[in-house]
Amino acid sequence: MSNTPMAASPLTRAVLEIDEYASGLGWDQPARLFALVDTARLRAQEPSLAAQLGLDEEQETTGLTPIEQDEIPTDKQLDEFLATIAWPDAVVGCALTVERLMLPPSAEAQVPQGLSDAKLAKWVAEHPERQEVRMTVAVLRDGARESAVRLREKDSPTEVLTGADLVPGLADALTATFED
């Protein structure tokens, strides 16, 4: 993708590339899972796949290539689904993009106690301070992590917040997919 900053680390560029891709699909999309593979290794070991992905013409010799996986089943909770994943050795990392409703910290203090998951989701969905966000989180086998968060109300590439610890729970769940 053309809008990712070249000064960023390969992992940050991959996260921003996935965020840009998800942005192009619009909002109200299902969660999407990506394998991250070493671009140079992909070119060397799978030249026809690299050509299909348009990587044979790129000049960059380092980097990560996100490869979207099959759809995430809608009949399972996301954490349950992630617990079933095992990656082959060629996959150096993975990423997930997911949309959620978030509340500011001031609203979190107002959450009624004892709500079921369904009632809590309804309460958040009806809260006047809720914000729709798209989170893209990526991790590498070596423990590196990166995230991008985009608010629906500020849906612009210049308004994407990035950082390693923006969504720690999701990063932990993705990291667990590499554990034996």
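**Helix α7**

I started with helix α7 (residues 168-176) of this predicted model, where the buried residues are L170, A171 and L174; I call a residue buried under 20% relative accessible area, exposed over 50% and partly exposed in between, using a 1.4 Å probe and protein chains only. These residues lie on the same side of α7, because they cover an arc of only 100° around the axis, the arc being that of the directions from the helix axis to the C-beta atoms. I keep in mind that an α-helix has 3.6 residues a turn, so residues three or four places apart point the same way.

For the names of elements I follow DSSP runs, numbered from the N terminus, with helices being H or I of at least four residues and strands being E of at least two. I then looked up what the buried residues of α7 pack against, and found β1 (32-38), α4 (78-82), β3 (91-102), β4 (131-140) and β5 (145-151), contact meaning heavy atoms within 4.5 Å. The helix α7 lies across β1, β3, β4 and β5 and runs at about 35° to β4; axes here are lines fitted to C-alpha atoms, for helices over the stretch in contact, and angles run from 0 to 180 degrees between N-to-C directions.

As to conventions, residues are numbered from 1 along each chain as its sequence is written, and side-chain values use heavy atoms, with hydrogens and water left out. Since the model is predicted, local features need pLDDT of at least 70 and side-chain atom pairs count only at pLDDT 80 or more, while totals for chains, interfaces and linings use all residues.

**The sheet**

I traced an open sheet of six strands in the order β2-β1-β3-β4-β5-β6, with antiparallel pairing, where two strands pair if DSSP finds at least two bridges between them. Its edge strands are β2 (64-68) and β6 (161-163), each of which pairs on one side only. Neighbouring strands of this sheet are turned by 20° against each other on average, with direction ignored. I also looked at β1 and β2, which pair in the antiparallel sense over five bridges, and noted that V37 stands opposite T65 in β2.

**R150 in β5**

I next looked up R150, which lies in strand β5 and is buried, with a relative accessible area of 3%. Its side chain makes a polar contact of 2.8 Å with the side chain of D155; such a contact is a pair of N or O atoms within 3.5 Å, and within protein one must be able to donate a hydrogen and the other to accept it, while residues adjacent in sequence count only if both atoms are side-chain atoms. Leaving aside neighbours within four places in sequence, I find R150 in contact with D19, S23, W27, E132, V133, R134, D155, S156, P157 and V160.

**Aromatic pairs**

I count two aromatic pairs, taking rings of Phe, Tyr and Trp (its six-membered ring) as paired if their centres lie within 6.5 Å, with planes under 30 degrees apart counting as stacked, over 60 as edge-to-face and the rest as tilted. Y21 and F34 form an edge-to-face pair, at 6.0 Å centre to centre and with 90° between the planes. Y21 lies in helix α1 and F34 in strand β1, so this pair ties together parts that are 13 residues apart in sequence. Y21 is partly exposed at 28% relative accessible area, whereas F34 counts as buried at 4%.

W87 and F178 form a stacked pair, at 6.1 Å centre to centre and with 25° between the planes. W87 lies in the loop between α4 and β3 and F178 in the segment after α7, so the pair ties together parts that are 91 residues apart in sequence. I find W87 buried, with a relative accessible area of 13%, and F178 buried, with 14%.

I looked at D28 in the loop between α1 (10-25) and β1, where phi is near 65°, a positive value in a residue other than glycine. Most residues other than glycine have a negative phi. D28 is exposed, with a relative accessible area of 57%.

A31 is also placed in the loop between α1 and β1, but counts as buried at 19% relative accessibility. Apart from neighbours within four places in sequence, A31 is in contact with I72, L96, T97 and V98.

Last, I checked T12 in helix α1, which is buried with a relative accessible area of 12%, and I noted a polar contact of 3.0 Å joining the side chains of T12 and S9.
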